[in-house]
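Student: Could you take me through one spot in this protein slowly? I'd like to look closely at a single residue and then see what lies around it.

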Amino acid sequence: FGGIWLGPGGGDRGDGHRPDPGQANADATVAAAVAAGIRDFDTAPWYGSGASEERLGRAVQAAASSEIRIFTKTGRLVSEASPDDPSKMTTSLSGLGDVGRPPVTERVISNDYTAEGTCSSHAASLNRMGLPDVYGLRIHDPNDNSLNSHLRKAEAGFTDEVAIAVGSDGMCGA
């Protein structure tokens with residue numbers, strides 16, 4: 001089931017400029033989907049710079065259905081200005097719309113496909129959703145790892161795993 005938008009977009013810091021439809025809309029949308037028999041919901045840090053995860057997590061908690069399965073993604077980290085020192089960035093966690101938090105449009109997305117980045121992204125996603133776990137964790141746009149390779153080739157031991165997996169002929173030689 002695709003096409004439900006639960007959070008505001010973040011433009012170049014997320015996946016598009018969209019207005020915030022609000023938590024009540026997210027709650028009603030998830031409740032209607034569950035009532036219609038839909039159980040699988042997909043989100044990602046990239047969607048609305050983490051706002052989609054926050055909205056979906058709250059909506060899933062409100063729906064209180066043990067049959068809901070959440071899928072999110074890793075590979076993207078969401079940061080925002082630290083409330084203690086706006087010149088420093090910190091991981092963007094839950095609290096969309098909290099007083100003193102920068103607006104979602106000021107969140108910054110970065111790619112990190114390392115083991116540490118994957119664990120950090122997963123932990124931050126769980127925090128934003130307010131959930132102890134997810135049903136599935138996917139790699140978001142693994143081909144974007146190659147975008148970082150020109151910056152990282154000088155690092156000792158850097159390997160562009162995606163380029164190796166895909167090969168010079170493209171995905172599976174296609």
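Tutor: Let's start with a word we'll need: a residue is called buried when its relative accessible area is under 20%, exposed when that is over 50%, and partly exposed in between, using a 1.4 Å probe and the protein chains only. Keep in mind that this is a predicted model, where local features need pLDDT of at least 70, side-chain atom pairs count only at pLDDT 80 or more, and totals for chains, interfaces and linings use all residues. Residues are numbered from 1 along each chain as its sequence is written, and side-chain values use heavy atoms, with hydrogens and water left out.

Now find Thr-72. With a relative accessible area of 0%, Thr-72 is buried. Thr-72 sits in strand 2, residues 69–74; strands here are DSSP runs of E with at least two residues, helices are runs of H or I with at least four, and both are numbered from the N terminus.

Beyond residues up to four places away in sequence, Ala-59 touches Gln-23, Ala-26, Asp-27 and Val-30. Take Asp-27: Ala-59 is 32 residues from it in sequence, yet their C-alpha atoms are 4.4 Å apart.

Helix 3, residues 115–129, lies across strand 3 and strand 4, and runs at about 65 degrees to strand 3. For such angles, axes are lines fitted to C-alpha atoms, for helices over the stretch in contact, and the values run from 0 to 180 degrees between N-to-C directions.

Those strands belong to an open sheet of 3 strands, in the order 4-3-5 with antiparallel pairing. Strand 4 (89–91) and strand 5 (108–111) each have a single partner strand, so one side of each has no neighbour in the sheet. Two strands pair if DSSP finds at least two bridges between them, and strand 3 (residues 76–81) has 4 bridges to strand 5. In that pairing, Arg-76 stands opposite Asn-111.

Finally, step back: 41% of the protein's 174 residues count as buried.

Conventions. Contact = heavy atoms within 4.5 Å.
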